[in-house]
Amino acid sequence: MPTVDTDAFLRDLYELRAIGTFKTGVHRPTYSPHDMEARRWLIAKLTQCGLDAEIDGIGNVFGRHRGEGPHLLVGSHIESQNEAGWLDGALGVVAGVALARAGLPVDVCAFADEEGHFSLSLPGSRSAIGDLSEAAIDGARNRTDGTPLRDALRAAGLEGLPRRPLEIERYKGYYEMHIEQGTQLEAAGLRLGVVTGIVAIWQWRIVVEGQQDHAGGTSMAERRDAGLSAVRLLAAIDAEFPRIVGERTTWTTGRFRLEPDAPNIIPGRAEILFQFRDVSVPVLERLEAGLKMLVQEANRRERCKITLSSVSKAVPALCDPQMMRCLSDAAQDIAPGAWQIMPSGAGHDAQVIARKMPASMLFVPSIGGISHHWSEDTKDEDLALGVQVLHSAAERFLAG
């Protein structure tokens, strides 16, 4: 069987990078003209590799191997964050193309809107496993300009196309190659990461209600300042969480909004979107209990009313041990001592697919740990090494 063509793999990556170029990265938001151009480019590449390629009604692109199995599913996504990096998602899809070109019995997929431009969690992969309702599509809006998802699908020429479900029984497993989006590999001087699991994100809305009033006429003793109460709560979270977290837990205040958001008015309301991430459900439950306790204490202490509500709770996805072992063995054979096992701190389509079939991921380093920014980058030699290891692991897994 032919080995993987790393030169063609890198050429494909750079061709895709040229679609929607922004500085050294790309700007390909979901269903934009550049995103749709990239999907058409991918269909042509898959066809050249001998796969039957099509796009479905949510924008997922599939390339189907024509021969006998057992088959692997390999892929990721190809849209980008706004004015962001060229490898996030694209790497996994182009790696799938490389494996198909090498003659492996793989189907290649590019799932739509992994980046969440329409405020749905992983809608492309969820649609593929039958977990995205028509009502959810009806209610989705673009997070930047408010465009309804239905309107975006119509403008992209996807209206009326059926959404294609995965034939789960067709696949032995799913592999996804990705940039790390962090500094662990680079800091350790390593070139590959075999992913053990993908974190679950638990997101919360915190609303603080005070009293809007005049910034000059209201004494400090009289104030019910929602902004200050919110800041004190967040500081308390930051002080308490290090005592109850896991080894790789992260927590983030992703949105902080004050109303009426004017410098001469005491804010009467603050709204916070807060999340924490971990691969362990007991750790997530411990963080939830800690957060609820801190909100309860703040309500006793503050002159403002604070309410906490759950926005979403995902389930961690553990990678398949056999698929991980194939990656580890391939990494040790090809790059001995230059790899490690590690969790993924970011969400990926793999966590959705893992609900229906064995799944595993391979990481390559991100220079400076940078991602979701146009300066995101990885050395060509690390990209080539990654696809070589993925190819070897896929051969081993299919043979095993």
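Reader: Which residues form one aromatic cluster here?

Author: In this predicted model, one aromatic cluster is formed by Trp 202, Trp 204, Phe 241, Trp 251, Phe 274 and Phe 276.

Reader: And how many aromatic pairs does the structure hold?

Author: The structure holds 11 aromatic pairs. One of them is formed by Tyr 14 and Trp 86, whose rings lie 4.9 Å apart centre to centre with 45° between the planes, which makes the pair tilted. This pair links distant parts of the chain, given that Tyr 14 belongs to helix α1 (residues 6-17) while Trp 86 is in the loop between β5 (71-76) and α3 (90-101), 72 residues apart.

Reader: Is Trp 86 buried or exposed, and what about Tyr 14?

Author: Trp 86 counts as buried because its relative accessibility is 2%, under the 20% cut-off. Tyr 14, with a relative accessible area of 35%, is partly exposed.

Reader: Switching topic, which charged end sits over the ring of Phe 62, and what lies over the face of Phe 397?

Author: Over the ring of Phe 62 sits the charged end of Arg 164, 4.5 Å from the ring centre, while the face of Phe 397 has Lys 172 over it, at 4.8 Å from the ring centre.

Reader: Where does Leu 51 lie, and what does it touch?

Author: Leu 51 is in the loop between α2 (33-48) and β3 (52-55), and at 3% relative accessibility Leu 51 counts as buried. Leaving aside residues up to four places away in sequence, Leu 51 touches Leu 46, Gly 63, Arg 64, His 65, Arg 66, Ala 100, Val 106 and Val 108. The C-alpha atoms of Leu 51 and Arg 101 are 9.4 Å apart in space, although these residues are 50 apart in sequence.

Reader: Last one: how much space lies in the second largest pocket, and which residues are closest to its centre?

Author: The second largest pocket holds about 160 Å³ of space. It is lined by 13 residues, of which Pro 29, Thr 30, Phe 118, Asn 142 and Asp 145 are the closest to its centre. By class, the lining of this pocket has five nonpolar, seven polar and one charged residues.

Notes
Residues numbered from 1 in each chain as written. Predicted model: local features only at pLDDT ≥ 70, side-chain atom pairs only at ≥ 80, totals over all residues. Heavy atoms only, no water. 1 Å grid on protein atoms, 1.4 Å probe; cavity = no way out; pocket = protein on both sides within 12 Å on 5 of 7 lines; lining within 4 Å. Points joined across faces, edges and corners; volume = space filled by probe spheres on them. Nonpolar A, V, L, I, M, F, W, Y, C, P; charged D, E, K, R; others polar. Helix = DSSP H or I, 4+ residues; strand = E, 2+ residues; numbered from the N terminus. Buried < 20%, exposed > 50% of the residue type's maximum accessible area, 1.4 Å probe, protein only. Contact = heavy atoms within 4.5 Å. Phe/Tyr/Trp six-rings, centres within 6.5 Å; stacked < 30°, edge-to-face > 60°. Lys NZ or Arg CZ within 6 Å of the ring centre and 35° of its normal.
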